[in-house]
Amino acid sequence: MSESNIVSNVSRRGFLKLAGIGGTAFYLGVFNSAGASANIVNPELDGLNSVEMNAWIIIEQSGKVTLIDHRAEMGQGSFHSVPQIIAEELEVDLKDINVVFAQGSKKYGGQITGGSSTIRGSYKNLLKLSATAREMLIAAAAGIWSVPAGECFAQSGHVIHKPSGKSLHYGELAQKASKLPAPLEVKLKKRSDYKLIGKGIRRIDTARKTNGTAVFGIDKRIPGMVFAAVERNPRLRGKLVSYDDSETLKIAGVKKVFKIKMKVHNTLREGVAVIADNTWAALQGKKALKIVWDDSGFEHLDSAEISKRQLDLLDKEQGLIFKKVGDPDKIIQAAAKKLDVTYQTPYQSHYAMEPLNCIAHHQGNKIEIWGPLQAPDWMQEFISASFGIPLDAVIVNMTFLGGGFGRKAFTDFVHEAVVISREIRGPVQVVWTREDDASQGPFRPGISYRGEGVIEDGEMTVVKFRMAGQNIDHWMSENRGKANGSTTEGFLAPYFESVKNISFSDIPFETPIPVLWWRSVYASTNGFAYESFMDEMAHAAGKDPLDFRRKYLKEERLQKLIDKMEEVSGWKARGKNEGFGVAITECFDSTVGQIVKVSRKAEGGVKVDKVWAVMDCGWYVNPDIIEAQIEGSIIMALGAAAFHEMTFTDGMADQQNFYSYNMPRIYDMPQMQVHVMENDADAGGVGEPALPPFAPALTNAIFDLTGKRIRKLPFNLEEV
């Protein structure tokens with residue numbers, strides 16, 4: 001598949017004229033609220049330019065349908081789910097759909113593949129877009145046959161005249177349809193009439209990802225490209241004093257060595273770049289460098305000191321109030337019996353299977369980029385501002401991503417590649433080693449929490465939480481005066497209606513360690529603290545933990561979710577030698593409840609036997625993709641709870657690769673049973689919301705089995 005792109009801007013009138021050229025293709029899009037426009041990236045069509053649209057359907061003379069996908073595909077399934085939506089209302093078979101990536105541009109609106117937003121943010125427009133195309137094709141056929149459009153229907157890429165049985169292929173109708181006015185309103189199908197949406201259809205990208213034809217960033221090659229590896233300061237704020245490249249330049253294939261600076265948030269990371277004819281030579285040259293760093297002028301913290309400082313803050317400071325109901329402090333002060341506990345979650349690295357990489361070509365008045373990018377529009381804007389190049393002269397091309405988890409939405413590795421390309425005046429691919437990717441950060445921040453609560457006459461009357469951890473937003477701006485906007489992320493909103501006194505506050509905490517989003521962001525840590533605390537409150541009240549949550553989560557959808565959790569897990573019928581734990585969290589407009597079952601191992605320790613996961617994500621596309629995302633989230637959450645963490649000694653990351661950042665193995669996997677709730681609510685996210693409830697459900701299950709409370713992650717299952 002060719003990757004040539006033709007991009008230009010035309011007026012709406014120009015589009016209407018363009019869209020009918022020679023009947024080659026029919027383009028239809030839907031305007032978004034920002035008046036966004038898209039770049040047409042169709043390798044099979046020459047001479048067709050861009051149009052002011054948000055999403056695109058291209059129908060060729062052959063009848064082939066091409067979707068211009070403005071979001072990234074990193075395993076979460078957008079490369080399949082978006083076409084599955086379009087095919088439903090357009091009435092085409094999935095085998096007749098082609099999907100290609102768009103270039104990065106702010107003209108699309110948001111292109112960030114994060115916050116589990118691809119479907120929930122675009123499904124309504126995609127349905128309307130494809131239904132509008134279908135109606136215009138039907139109208140074109142009706143005009144050709146001189147029959148009422150109501151006598152015609154669309155099916156499998158054809159328009160059929162029901163009384164006569166006459167049929168025309170979409171490709172035969174493209175030219176005429178493109179000249180018709182788009183209907184202002186179209187009737188969408190009822191969910192009960194869907195043929196594709198809601199069905200577990202095999203993903204269209206699976207074959208190319210298994211047969212090697214899918215092009216990931218690390219696979220990409222362009223003419224004249226050289227390769228680079230960079231030795232970066234292991235402490236972000238350190239400075240380069242000197243380097244000796246004499247041994248490096250002796251290595252066959254090494255061409256050049258020079259100092260660079262890459263932007264990381266609002267600071268610079270210094271390093272030395274090695275340019276070579278191939279990646280292997282660049283990496284060997286990097287190893288041969290002798291570098292002197294100056295790491296003075298900032299703290300070199302150990303993990304133990306970070307933990308101590310956070311706990312000291314929780315003991316002494318009240319923090320910045322984020323949300324408050326009633327007067328919890330007054331009730332706590334007067335209470336004879338109260339719960340006062342702390343929870344701690346560690347720093348984590350992203351460890352995507354495909355390490356960071358990027359190709360850049362700085363051409364003076366133009367910059368072009370290729371790579372595994374979660375946010376191509378962010379990259380375009382950042383590079384434009386950083387290098388003083390007009391926005392439309394920065395071309396950002398997406399490839400498939402071998403995992404992202406938020407890390408590949410960040411701009412540092414792209415900036416670094418452009419800096420190197422500018423220096424050598426040619427195209428370059430920069431490849432990070434696993435050690436670079438794992439230990440350079442930015443990391444998920446480690447956070448400590450203090451939870452205080454009061455139970456009176458079996459009723460939960462107070463919930464008070466303070467959190468102390470690095471605020472990701474503080475790395476991106478100088479605003480230090482507001483509480484972390486994600487302080488309650490993961491905490492279920494109905495609690496604020498049913499509990500009379502609630503307080504959440506954020507205690508500002510800073511270190512030189514760079515931090516960034518990680519799958520489910522703050523909910524991944526908040527969820528452990530908040531749902532562990534709810535379990536402790538339930539036991540303090542002498543209540544069943546699931547019934548306790550049911551009492552306070554009075555919203556109808558949550559009641560149904562809890563009913564489903566109880567039904568599928570057999571919660572009430574569990575055996576004496578089994579530990580069951582429950583947790584329910586919400587993020588990105590989806591709620592997930594999980595029940596974890598554990599048992600004792602004969603040789604000691606605890607075994608995770610089974611996980612029941614119930615997700616309420618509202619409107620959804622493909623249950624198989626949802627199941628895969630939930631299972632992947634559970635595995636990642638298991639790793640973060642009981643297998644790995646990032647620790648720091650003298651300000652440097654200790655864990656460098658999989659040998660020290662241990663991952664769960666296949667023999668560690670529990671059985672997993674996934675259930676998706678059916679309702680007519682708007683779509684919520686799928687890729688991240690199943691991660692936060694696992695850790696608290698697991699530790700709550702261990703308490704149920706052993707009577708031991710686990711309040712600090714990670715812990716060792718073999719030592720419980």
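1. Tyr661 is buried, at 0% relative accessible area. This is a predicted model, and in it Tyr661 has a ring partner, Tyr351. The two rings are stacked, 4.1 Å centre to centre, with 5° between the planes. The pair links distant parts of the chain, 310 residues apart. Tyr351 sits in the loop between strand E14 (338-345) and strand E15 (357-362). Tyr661 sits in the loop between strand E26 (652-653) and strand E27 (671-676). Tyr351 is buried as well, because its relative accessibility of 6% falls under 20%.

2. Now a pair with another geometry. The ring centres of Trp571 and Phe580 lie 6.2 Å apart and their planes meet at 70°, so this pair is edge-to-face. Trp571 is buried, with a relative accessible area of 1%. Phe580 also counts as buried, at 5%.

3. How many aromatic pairs does a search of the whole structure find? The search finds 25. Some rings form a group. Tyr449, Phe465, Phe491, Tyr495, Phe496, Phe504, Tyr530 and Phe533 make up one aromatic cluster.

4. Rings also meet charges here. The charged end of Arg191 sits over the ring of Tyr620, 4.6 Å from its centre. Arg709 lies over the face of Phe703, and the distance to the ring centre is 3.8 Å.

5. Next, the salt bridges. A search of the whole structure finds 52 of them. In one, the side chains of Arg232 and Glu416 meet at 2.8 Å, N to O. This pair links distant parts of the chain, 184 residues apart. Arg232 belongs to strand E8 (residues 226-232), and Glu416 to helix H10 (residues 412-424). Are these residues buried or exposed? Arg232 is buried, with a relative accessible area of 3%. Glu416 is buried too, at 0%.

6. Glu718 forms a salt bridge with Lys601, and their closest N and O atoms are 2.9 Å apart. Glu718 lies in the segment after helix H18 (694-706), while Lys601 lies in the loop between strand E23 (590-600) and strand E24 (606-616), so the pair ties together parts 117 residues apart in sequence. Glu718 is partly exposed, with a relative accessible area of 45%. Lys601 counts as partly exposed at 22%.

7. Arg309 forms a salt bridge with Glu299, with 2.6 Å between the closest N and O atoms. The two residues are 10 apart in the chain. Arg309 is in helix H7 (residues 303-316), and Glu299 is in the loop between strand E12 (290-294) and H7. Arg309 is partly exposed, at 27% relative accessible area. Glu299 is partly exposed, at 39%.

8. Some charged residues join in a network. Asp329, Asp340, Arg450, Glu452, Lys464 and Arg466 are linked by salt bridges.

9. Which residues have pLDDT below 50? First, the overall figures. The mean pLDDT of the protein is 90, and 92% of its residues reach 70 or more. Over residues 1-24 the pLDDT is below 50. That stretch has 47 contacts in the model beyond near neighbours in sequence. Residues 29-55 also stay under 50. For them the model has 90 contacts beyond four places in sequence.

Conventions:
Residues numbered from 1 in each chain as written. Predicted model: local features only at pLDDT ≥ 70, side-chain atom pairs only at ≥ 80, totals over all residues. Heavy atoms only, no water. Salt bridge = Lys/Arg side-chain N within 4 Å of Asp/Glu carboxyl O. Helix = DSSP H or I, 4+ residues; strand = E, 2+ residues; numbered from the N terminus. Buried < 20%, exposed > 50% of the residue type's maximum accessible area, 1.4 Å probe, protein only. pLDDT = per-residue confidence, 0-100. Contact = heavy atoms within 4.5 Å. Phe/Tyr/Trp six-rings, centres within 6.5 Å; stacked < 30°, edge-to-face > 60°. Lys NZ or Arg CZ within 6 Å of the ring centre and 35° of its normal.
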